[in-house]
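Please go through the report below with the sequence and the structure side by side. It covers selected residues and a set of helix contacts.

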Amino acid sequence: MSISLTVNGSPHQVDVDPATPLLYVLRDDLALNGAKYGCGLGQCGSCTVVVDGEAVLSCMVPVMLLEGREITTIEGLGTIDEPGPLQQAFIELQAAQCGYCIPGMMMSGHALLRRNARPSDAEIREALATNLCRCGTHMRILAAIRRAGELMQAASLPEPDKGRAG
């Protein structure tokens with residue numbers, strides 16, 4: 001069956017079984033490999049993407065439920081040459097060790113920061129509750145999400161008036 005998806009702002013047509021989990025479509029059909037297969041049971045968060053602003057576990061969501069919805073993956077946050085605020089913050093604070101969980105952590109953080117650019121540590125922890133990290137970089141991850149909120153706020157501030165005569 002042909003299904004229409006919008007991923008990272010681009011339309012895609014995929015011919016797949018409608019019950020196929022989104023994770024498999026992203027990785028196998030669209031070559032978007034940022035979301036990782038961790039457990040396949042919705043218990044580790046490695047496959048987290050954002051759908052219509054909410055973090056979802058892509059291993060658990062059948063692709064048939066996603067027509068007409070906006071899907072964002074880690075690849076949609078920025079590029080190697082121009083990382084987005086969240087990616088930049090994770091780089092600056094060296095918030096990754098092995099990196100396997102990081103795309104899911106970043107996408108959960110992205111969904112949170114869309115709702116609240118200044119989350120408390122408790123709010124960040126709650127947003128990351130479905131994401132597991134075995135490397136133990138949680139404190140750096142928390143700091144990176146706080147830093148990303150700062151970067152996002154700084155980017156949205158209006159430029160001060162320059163060259164205006166008083």
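Where is the place of Cys133? Cys133 is in the loop between α4 (121-127) and α5. The model is a predicted one.

**Cys133**

Cys133 has a relative accessible area of 12%, so it is buried. Setting aside residues up to four places away in sequence, Cys133 touches Cys101, Met105 and His138. Ser120 is 13 residues from Cys133 in sequence. In space the two are 20 Å apart, C-alpha to C-alpha.

| Helix pair | Angle between axes | Distance between axes |
|---|---|---|
| α2 (residues 85-92) and α5 (residues 138-156) | about 135 degrees | 8 Å |
| α3 and α5 | roughly 40 degrees | within 11 Å |
| α2 and α3 | roughly 130 degrees | within 10 Å |

Start with α2 and α5. They pack at about 135 degrees, with axes 8 Å apart. That angle makes α2 oblique to α5. The crossing of α2 past α5 is right-handed. On the α2 side, the contact residues are Pro85, Leu86, Gln88, Ala89, Phe90 and Glu92. They meet Ile141, Ala144, Ile145, Arg147, Ala148, Leu151 and Met152 of α5. By class, this contact of α2 with α5 has 10 nonpolar residues, one polar and two charged.

Now α3 and α5. Their axes cross at roughly 40 degrees and come within 11 Å. This makes α3 oblique to α5. α3 passes α5 in a right-handed crossing. Ile102, Met105, Gly109 and Leu113 make the contact from α3. From α5 come His138, Ile141, Ile145, Ala148, Gly149 and Met152. The residues of the α3 contact with α5 are seven nonpolar and three polar, with no charged residue.

The remaining pair is α2 and α3. Their axes cross at roughly 130 degrees. The two helices are therefore oblique to each other. α2 passes α3 in a right-handed crossing. Leu86, Gln87 and Phe90 of α2 meet Ile102, Met106, Gly109, His110 and Leu113 of α3. In the contact of α2 with α3, five residues are nonpolar, three are polar and none is charged.

**The buried face of α2**

Which residues of α2 are buried? They are Leu86, Gln87, Ala89 and Phe90. Seen down the axis of α2, these buried residues fall within an arc of 160 degrees, so they line one face of the helix. An α-helix has 3.6 residues a turn, so residues three or four places apart point the same way. The buried residues of α2 pack against α3 (102-115) and α5. Just after α2, Gln94 takes a positive phi of about 45 degrees.

Ser108 is found in helix α3. Is Ser108 buried or exposed? Ser108 is buried, with a relative accessible area of 3%. Leaving out residues up to four places away in sequence, Ser108 touches Thr48, Ala55, Ala127, Leu128 and Asn131.

Leu5 sits in strand β1. Its relative accessible area is 2%, so Leu5 is buried. Beyond its neighbours within four places in sequence, Leu5 is in contact with Ser10, Pro11, His12, Val14, Val25, Val63, Leu66, Glu67 and Ile71. Leu5 and Ile71 are 66 residues apart in sequence. In space they are 7.8 Å apart, C-alpha to C-alpha.

**Positive phi in two loops**

Which loop holds Asn8? Asn8 is in the loop between β1 (2-7) and β2 (10-15). Asn8 is not a glycine, yet it has a positive phi of about 55 degrees. With 26% relative accessibility, Asn8 counts as partly exposed.

Asp52 is in the loop between β3 (48-51) and β4 (54-57). Asp52 is not a glycine either, and it has a positive phi of about 50 degrees. Its relative accessibility is 41%, so Asp52 counts as partly exposed.

Technical notes. Residues are numbered from 1 along each chain as its sequence is written. This is a predicted model: local features need pLDDT of at least 70, side-chain atom pairs count only at pLDDT 80 or more; totals for chains, interfaces and linings use all residues. Side-chain values use heavy atoms; hydrogens and water are left out. Axes are lines fitted to C-alpha atoms, for helices over the stretch in contact, and angles run from 0 to 180 degrees between N-to-C directions. Helices (H or I, at least four residues) and strands (E, at least two) are DSSP runs, numbered from the N terminus. Angles under 35 degrees count as roughly parallel, over 145 as roughly antiparallel, 65 to 115 as roughly perpendicular and the rest as oblique. A crossing is left-handed if the near helix is turned anticlockwise from the far one by less than a right angle, and right-handed if clockwise. Contact means heavy atoms within 4.5 Å. Ala, Val, Leu, Ile, Met, Phe, Trp, Tyr, Cys and Pro count as nonpolar, Asp, Glu, Lys and Arg as charged, and the others, Gly among them, as polar. Buried means under 20% relative accessible area, exposed over 50%, partly exposed in between (1.4 Å probe, protein chains only). The arc is that of the directions from the helix axis to the C-beta atoms.
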